[in-house]
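Please examine the sequence and the structure before reading on.

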Amino acid sequence: MTATDSYLLLRAFCEELGRCGLAHACTSPGSRSTPLVLSLVREPAIETWSHIDERCAGFFALGVAKATGVPAAVACTSGTAAANYAPAVIEADQARVPLIVLTADRPPELREVGAGQAIDQLKLYGSAVRWFFEVGVDRATRETLRWMRQLACRAYWTAAGPRPGPVHLNFPLREPLVLDRPLPPDPVRSRPGHRPWVSAPILAPAPAPRRELPARGVVVAGRDERGGDVGAAVARFAQRAGYPLFADPLSGARHGASAIATYDLLLRSDAVTAAAAPELVLRVGDLPTSKPLRRWLRELGDVEQIVLDPEAAWQDPDAVTGEVIAADPAATLDAWPPPAATDPSWLERWQAADASLATALDAELEAVGGLNEPLVARRLGEWLAPDTTLVVASSMPIRDVEQFFPAGRELPRVLSNRGANGIDGSVSTAFGVAAAGSEPVVLLIGDVALAHDLGGLLATRRLGLALTVVLINNDGGGIFSFLPVASQSDAFEGHIGTPHGLDFAHAAALYGAEHVHVQDPRSLLRAVTESVTAGVTTIIEVRTDRETNLALHRRIAQVALAAL
Ligand SMILES: Cc1ncc(C[n+]2csc(CCOP(=O)(O)OP(=O)(O)O)c2C)c(N)n1
Ligand SMILES: [Mg+2]
């Protein structure tokens, strides 16, 4: 294997990735990966994004793939560099996001003999990948070049579906790692008309057979980030069927007359749940985060619960689902005839409760004055234009968005790493979303999550990307104040709450971003608008207090119950 062999094979490989539809790849610096990285950079169909930190690169590619629905690639050198992709690979697996991981490795003669930067990279990500392949060291012949083209297509189509996810190809590469002569033309001609060597398009699963619907059903819609027509179809169906719709903002279905935005608060009321038992629950997408919703589903007893999932994923921690329908959700819902016998009072009761709760909620949040965590989530839902993408970090931000976001057709697109619920990589994911399109991207994030992925901010200076970061800084993990561990005062603050006292203005300065403190809704709106219109990365910091936030959430729940 000479450098010419490596580069001939990798050029064919990258060309095929581009022909399949891959448009973005993240690279990280290193020596062993040189042929891989240079081949990606030299492929005209692929835009490359350079990252120093492979963990950031992994999450950035995840953001690109989420935003576009198309596989994105990452390429790095051997050793711990490859291990740094693990969190993003795991998230991609659980959230079903297509990712192509390309790691450079030492050739066989340099493994397990004390050579530098050599670790066991075979099946490094375990069962988190849809496919692992050790590429091997080969001469570039007509046969191996054809095979390389096929390999690229197989990696692409395996990542793309039918159940999207990560694939890992490990490339042993031998020195010399750079060319000392011009690369000859490929003896194998690529397919005419820019077609890939192999096409294996994912066909939508067939719509499921229809069946009779009861008068009183409920639709639950969870995370579906693929940007297709599922959310709109869910909202249409719920309206046609006269069913209340509990749609998490990540579902794209939180609109229409059936949408019950306050379901998280509503379902805490025993009075409501006792008086309004459904005959059927139809679920689409992942299970929403809301604990009251999950408890309600668990306690419904014999009520029939059906899950519509194109890949028949088992999303049912409480073992309440009676049927999983592996079908195209949008086509199935659109074809489903409404119930023969309807009961208009069923939906009306939910709508009335939702309306009175929304009024009580707004009154309570206004009465507090200034800014607080629920209000930030609610106002972002009202203010952000529908062409904006809101990336929401795990912990309280995603919970507040689910609980306090309004319902409406004009909501921004909402994305969040809820496959494995990590607080890692949020900044990088948001920059990846920004890289994939030209529309504004806003990130709602807590201080611990921001501290975790501060390095992700490097994308603004090095890659020229803009992100509006709305930072809820309660100096620690506010979520833990809600949990029983908060009573363990000997270790709580030091090891769970983890206040850090960081002044994020320094981080902004280091990475060439703007930083501003805001304390009232008007300044928040102004700062967000300015950052979005100017296309300047800005950390807009809202200071809150963990104890006050806990008390506010409890009060809101009480006020809500009283309003019912
Ligand atoms: C990678 C990772 N490490 C640890 C956790 C556990 N965890 C969940 S929430 C949280 C605290 C997050 O704090 P912050 O981002 O400030 O949000 P807040 O809770 O204050 O809303 C932690 C450490 C996790 N989910 N992911
Ligand atoms: Mg916090």
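The lining of the second largest pocket comprises eight nonpolar, four polar and eight charged residues; here Ala, Val, Leu, Ile, Met, Phe, Trp, Tyr, Cys and Pro are counted as nonpolar, Asp, Glu, Lys and Arg as charged, and the others, including Gly, as polar. The model is predicted, so that local features need pLDDT of at least 70 and side-chain atom pairs count only at pLDDT 80 or more, while totals for chains, interfaces and linings use all residues. Residues are numbered from 1 along each chain as its sequence is written.

A pocket is an open set of points on a 1 Å grid over the protein atoms alone, where a 1.4 Å probe fits and protein lies on both sides within 12 Å along at least five of seven lines; lining residues have an atom within 4 Å of a point. In the second largest pocket, 20 residues form the lining, and Arg 268, Lys 291, Met 396, Arg 399 and Phe 482 lie nearest the centre. Two or more lining residues come from each of helix 10 (291-298), helix 14 (396-404) and helix 21 (546-563), helices being DSSP runs of H or I with at least four residues, numbered from the N terminus. Helix 14 contributes the most, with five residues.

The largest pocket holds about 800 Å³ of space. Its lining has 34 residues, with Pro 164, Asp 224, Arg 226, Pro 310 and Glu 311 nearest the centre. By class, this lining of the largest pocket contains 19 nonpolar, four polar and eleven charged residues. Helix 6 gives the most to it, with three residues.

Terms used. Chains are lettered from A and ligands numbered from 1 in the order in which they are written. Side-chain values use heavy atoms; hydrogens and water are left out. Grid points are joined across faces, edges and corners, and a volume is the space filled by probe spheres set on the points.
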